[in-house]
Number of protein chains: 4
Amino acid sequence: MTVNVGVIGAGMIGADHIRRLSTVVTGARVTAVTDIDADRAAVVAAGAGARALDTGQEVIGAADVDAVLVTSWGPAHAESVLGAIAAGKPVFCEKPLATTAEDCLRIIDAETAHGRRLVQVGFMRRYDAGYRAMKEVIDSGEIGDPLMVHCVHRNPAVPERYHSEMATHDTAVHEIDTVRWLLDDEIVSAQVLTPRRTRHRFEHLQDPQIMLFETAGGARVDVEVFVNCQYGYDIQCEAVGETGTVRLPDPSGPVVRTAGRQGSAVLQDWKDRFAAAYDVEIQEWVDAVAADTAAGPSSWDGYAAAVICDANVEALHTGRIVATGLKDRPDFYA
Amino acid sequence: MTVNVGVIGAGMIGADHIRRLSTVVTGARVTAVTDIDADRAAVVAAGAGARALDTGQEVIGAADVDAVLVTSWGPAHAESVLGAIAAGKPVFCEKPLATTAEDCLRIIDAETAHGRRLVQVGFMRRYDAGYRAMKEVIDSGEIGDPLMVHCVHRNPAVPERYHSEMATHDTAVHEIDTVRWLLDDEIVSAQVLTPRRTRHRFEHLQDPQIMLFETAGGARVDVEVFVNCQYGYDIQCEAVGETGTVRLPDPSGPVVRTAGRQGSAVLQDWKDRFAAAYDVEIQEWVDAVAADTAAGPSSWDGYAAAVICDANVEALHTGRIVATGLKDRPDFYA
Amino acid sequence: MTVNVGVIGAGMIGADHIRRLSTVVTGARVTAVTDIDADRAAVVAAGAGARALDTGQEVIGAADVDAVLVTSWGPAHAESVLGAIAAGKPVFCEKPLATTAEDCLRIIDAETAHGRRLVQVGFMRRYDAGYRAMKEVIDSGEIGDPLMVHCVHRNPAVPERYHSEMATHDTAVHEIDTVRWLLDDEIVSAQVLTPRRTRHRFEHLQDPQIMLFETAGGARVDVEVFVNCQYGYDIQCEAVGETGTVRLPDPSGPVVRTAGRQGSAVLQDWKDRFAAAYDVEIQEWVDAVAADTAAGPSSWDGYAAAVICDANVEALHTGRIVATGLKDRPDFYA
Amino acid sequence: MTVNVGVIGAGMIGADHIRRLSTVVTGARVTAVTDIDADRAAVVAAGAGARALDTGQEVIGAADVDAVLVTSWGPAHAESVLGAIAAGKPVFCEKPLATTAEDCLRIIDAETAHGRRLVQVGFMRRYDAGYRAMKEVIDSGEIGDPLMVHCVHRNPAVPERYHSEMATHDTAVHEIDTVRWLLDDEIVSAQVLTPRRTRHRFEHLQDPQIMLFETAGGARVDVEVFVNCQYGYDIQCEAVGETGTVRLPDPSGPVVRTAGRQGSAVLQDWKDRFAAAYDVEIQEWVDAVAADTAAGPSSWDGYAAAVICDANVEALHTGRIVATGLKDRPDFYA
């Protein structure tokens, strides 16, 4: 069976997922595309052999759409996801699930009322081979119960529109989800340290930031976010357990020895770092849809990320330790 | 356009390529399958939604077969490849192209007479990301002109049917092709050193072997083949140029520190090591067929591998340095 | 010229320094030894061909003592150091310089009044080849101005007498000094996070701890202290600058591939990790004494460590961010 | 007890050992120095507080010389070593022990007639921490019985006076001794491959060379010698056993990430690579002399190196596999 996918939002990430569904993933095809820019929708749809439709609601309702992929801008996510749930159709929503915790809860309520999971949220790191191998080590008990996780998230540079809160919402949100998943634990408080700002970027931007999280189980997580580090895209993660440690592998490349140095290239583009993870993510989503099941990051994970990010931004602005105040997880998402 | 592929040979590697064409590669589908075991052909064909046919010739001639994939046993390769050329259909042939240099030359003659390339030979390492990055470094001139290549090919263990000549034909053949491609140079002589045999395997088997090749350009290549090394599947390659060196990256995995040791797993299965390379190889073949072009390892490369392997086996048995006696490469394959 | 050294305190570290002065360092000999355990002093002195004396004051005053090495227990340090200054003799004092900030200030006052530096404090990491190479990179400007330092200090296990404050005074004190030296910057505040305690050790002990420091220049430093990590002695340090990063090298050992794993040993004993640094430290002290100069960690560094440690312990007990309240550094120590 | 050392040969290496004996090693002092350049001997002797003597024979015979260190040029070694044996004094001789196998045998005969070992030959790699750790792994049985050793010896550049035979006598001689020691096995044949010469150096020089050795036990050893590799001083060694491998650790330095690259420095000077090994070597020699014993590389090792080097040079010139024709090792050197 081929899964017919309707796509809401044909921007950069939307177009990339359409390419992925058309030429990388098997078992799916894109049948309908919409975008607030109708011309763009038309071009992208044509490239994929799909129809361009005027609205997300038309996409969701189309008879030849089995499942919906939401890649519009963040504030529009909730409406599309709620629409898909109302139509009983599986929906993949790029992060964030919604831009407010309230909207996330509305989605949770709708999905719970529907009676089975329909929503997968686009936290692609859970599909990265390195993180998966790291989680296997943790789950095996080889390093004992985790007590600490040290994370680093560095980008070579960000554009001027990037502001200090995006260090949480756009950047650290990946570590927030990944750590919750790695530890199978919940984040209960947040604190943000603000080192001296790099002079290589904008005055308005607090960069770097050091984020400190505590989990319900008492583990401590630190996340360095440094989005203008100049030298490359660099993701690091080390979990420290009661009897050992495990470290996320760096991408491997050929080591060159020349002119008194030995070394290798550092990636520059995050898309290169997680390209394979995106492929696996969408393939597993399509497979789950075809199998009439659901897997991967859930609405609950989308809600948790939203609440933790809100607390973290408050921590950034106040300098205080802020409780995340997450609700209890419903059994539905256990 | 979807490329309709007919498969000749539904054994382990054939079935794997059929799965790849059906569920990994885009732009292709398997329409016809044959095998000397008709029952097996029927089962495999059914699983892929294809027809089972009685003979390779029927597959080649089928109207719904645009391109042919040959994964029968080696001695049968030449007939199928020649048949595909006669039918003017693109053909992917797993290594070896043929089991004798004479048959390889017959294929070359037929393809040349046809007037354009139709044949791609299954040397998948050229599609491995690490080797490709290594070749980019060499081609960039960063390490200067290559003078030496050091290769290691280790398997944890081989079955009893594996004999000393297979160290060349089944194992080192990959290094032979890869080094020719990395250096863009031809191998002109071979010598084989025979270390004391490991006691962990069969008396009939000379394992390990050290193979020494010289290229037309004067570079020297050494290949350690050790197929019962016990500890894992381990492929190493270092090119040494006039001003620097480049080394094939090891597969990366999470590093664990526990109980006084730090380390990571070594792969056990060659299929894990080159799984992604196989995917890329078949995708690029399908893409080339769809684009009405040809790329990748050619009949000439298949012929060269055959001739070099023959010389190497003679070197093993005689203890002498054996000239490969390769013909000059026709312009057709330049 | 041979420097005649008198040693006050013949315990484990004292005896080790006596061995070092006698058999590793050149240009020095031990002439006098004292210890509160007179028998021990006699045995150790005899082994080094030195005299055993009854008191530290006698050692300091002895005509055949050019310089004094203080390796008694911490609370006795200040008296010996002050005595040496009063006698105008160079003195090497193992950490801590004194157990209170007040005593450190008394030493600073005495040394300043004397008019030239006499005191070197035993922070041996400044003599480790890896740290020195790291400092060279930072000082070269290659990574730009440092913004963050991430440190890890792990021991396999500690004895029961080790308590939570010792994580600062005995363990993190090394990172505190090293980071001040690496950054050429001062620590102005401290905060301590307390992860869930490992169950592999004593109930009375908060282990691990995460210590957070801010420098006058706005850099942020985090130090993970985990003294019962089970797997080994592991010291890590990464400095992150405005344009790059530099990481302390791990000790190197042979990499073994066997039984599906590749890896190397992790050190178990801190003495192995910094043995060479101790040798260099004492050699450079002896050389400075012989050259009538002073170098290395000063009384000011000893004072700063004491004040920062006090603030850190208060931070541990209160959970608050505690200002270190360091005085301004006198020009004498610039 | 202090060992009084007389030094024959005050050139670069001699002066370095004199510095080492005077300021690094404990338990020794230099009392007498000679050199064919009397002025140089005078200057160096004065710097060490020693006497300058006119001849090596005077040094050997001096009452205040307990042990002799021979660092003259190679052709003069045998006479000094024989003189020391005749005087019954321990002698450390830099490599080569002698420039002909015949002279080595004369030394062996003299030492054997004397009845106990007096001679240590300066193969310093046996004292390198990395090689020692590697030998420990091999001796532990962790990798099984060794079957192959892969060695690399690269220098950034050599001066014009360096000729093709020196690749054996001055360069590979270190690998020859090291491998014999690592494997506790004897080299019985040699072959030399000659890759295309690098254009970065002199026409008269065959560089690189690949040397192939076979041991009595059937192990195979390959040594790449490339003394104008441009990029640095790089020593590699991997032993491959029946169940695993062990690799010599690279020198470790801080890893820097900047400008899209991660990497570390490659050493340029062989003296930096083995400085610590030289210190340990001379210290252990002094300790052995003081303890009236002998250890380390023996006259037999010096003889074996000479014979193997001769065979290797013949192999270079003839292109043939040359048997080393080593005599049987006397029990005296077992």
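**Exercise 1. Polar contacts between chain C and chain A**

Task: State how many residue pairs are in polar contact across the interface of chain C and chain A, and which elements of chain C take part in the touching side.

Solution. 
Step 1. Take the rule: a polar contact is a pair of N or O atoms within 3.5 Å; within protein, one must be able to donate a hydrogen and the other to accept it, and residues adjacent in sequence count only if both atoms are side-chain atoms.
Step 2. Across the interface of chain C and chain A, the rule gives 17 residue pairs in polar contact (both at pLDDT 80 or more).
Step 3. Assign elements from DSSP runs numbered from the N terminus (helices are H or I, at least four residues; strands are E, at least two). Two or more residues of the side of chain C that touches chain A come from each of strand 7 (146-154), strand 8 (187-193), strand 9 (209-215), strand 10 (220-226), strand 11 (234-241) and strand 12 (244-247) of chain C.
Step 4. Strand 7 of chain C gives the largest share, 5 residues.
Step 5. Sort by class: Ala, Val, Leu, Ile, Met, Phe, Trp, Tyr, Cys and Pro are nonpolar, Asp, Glu, Lys and Arg charged, and the others, Gly among them, polar. This side of chain C then has 13 nonpolar, 14 polar and 11 charged residues.

Before going on: this is a predicted model, in which local features need pLDDT of at least 70 and side-chain atom pairs count only at pLDDT 80 or more, while totals for chains, interfaces and linings use all residues. Residues are numbered from 1 along each chain as its sequence is written, chains are lettered from A and ligands numbered from 1 in the order in which they are written, and side-chain values use heavy atoms, with hydrogens and water left out.

**Exercise 2. Area and salt bridges, chain C with chain A**

Task: Give the area buried between chain C and chain A, and the number of salt bridges across their interface.

Solution. 
Step 1. Count the residues in contact (heavy atoms within 4.5 Å): 38 come from chain C and 38 from chain A.
Step 2. Buried area is the accessible area (1.4 Å probe) that two parts lose on being put together, summed over both. Here it is about 3100 Å², and carbon and sulfur atoms give 51% of that.
Step 3. Arg196(C), Arg220(C) and Glu242(C) supply 21% of the area that chain C buries against chain A, more than any other three residues.
Step 4. Apply the salt-bridge rule: a side-chain nitrogen of Lys or Arg within 4 Å of a carboxyl oxygen of Asp or Glu. The interface of chain C and chain A has 8. One of the bridges joins Glu238(C) to Arg154(A) (3.4 Å, N to O).

**Exercise 3. The pair of chain B and chain D**

Task: Describe the interface of chain B and chain D, and find how one chain is laid on the other.

Solution. 
Step 1. Chain B and chain D bring 39 residues each to the contact.
Step 2. They bury about 3100 Å² between them, with 51% from carbon and sulfur atoms. On the chain B side, the residues that lose the most area are Arg196(B), Arg220(B) and Glu242(B), together 21% of what that side buries.
Step 3. The interface holds 8 salt bridges. Among the salt bridges of this model is Glu242(D) with Arg196(B), at 3.2 Å, N to O.
Step 4. Superpose by least squares on the C-alpha atoms of residues with pLDDT of at least 70 in both.

**Exercise 4. A salt bridge inside chain A**

Task: Explain how Asp16(A) and Arg19(A) are placed in helix 1 of chain A.

Solution. 
Step 1. The two side chains form a salt bridge, with the closest N and O atoms 3.0 Å apart.
Step 2. Asp16(A) and Arg19(A) are 3 residues apart in helix 1 (residues 12-23), so about one helical turn separates them.
Step 3. Over all chains, the structure holds 104 salt bridges.

**Exercise 5. Backbone details**

Solution. 
Step 1. Pro208(B) sits in the loop between strand 8 and strand 9 of chain B.
Step 2. In chain D, the bond from Asp207(D) to Pro208(D) is cis, with omega near 5°.
Step 3. Gln230(C) lies in the loop between strand 10 and strand 11 of chain C.
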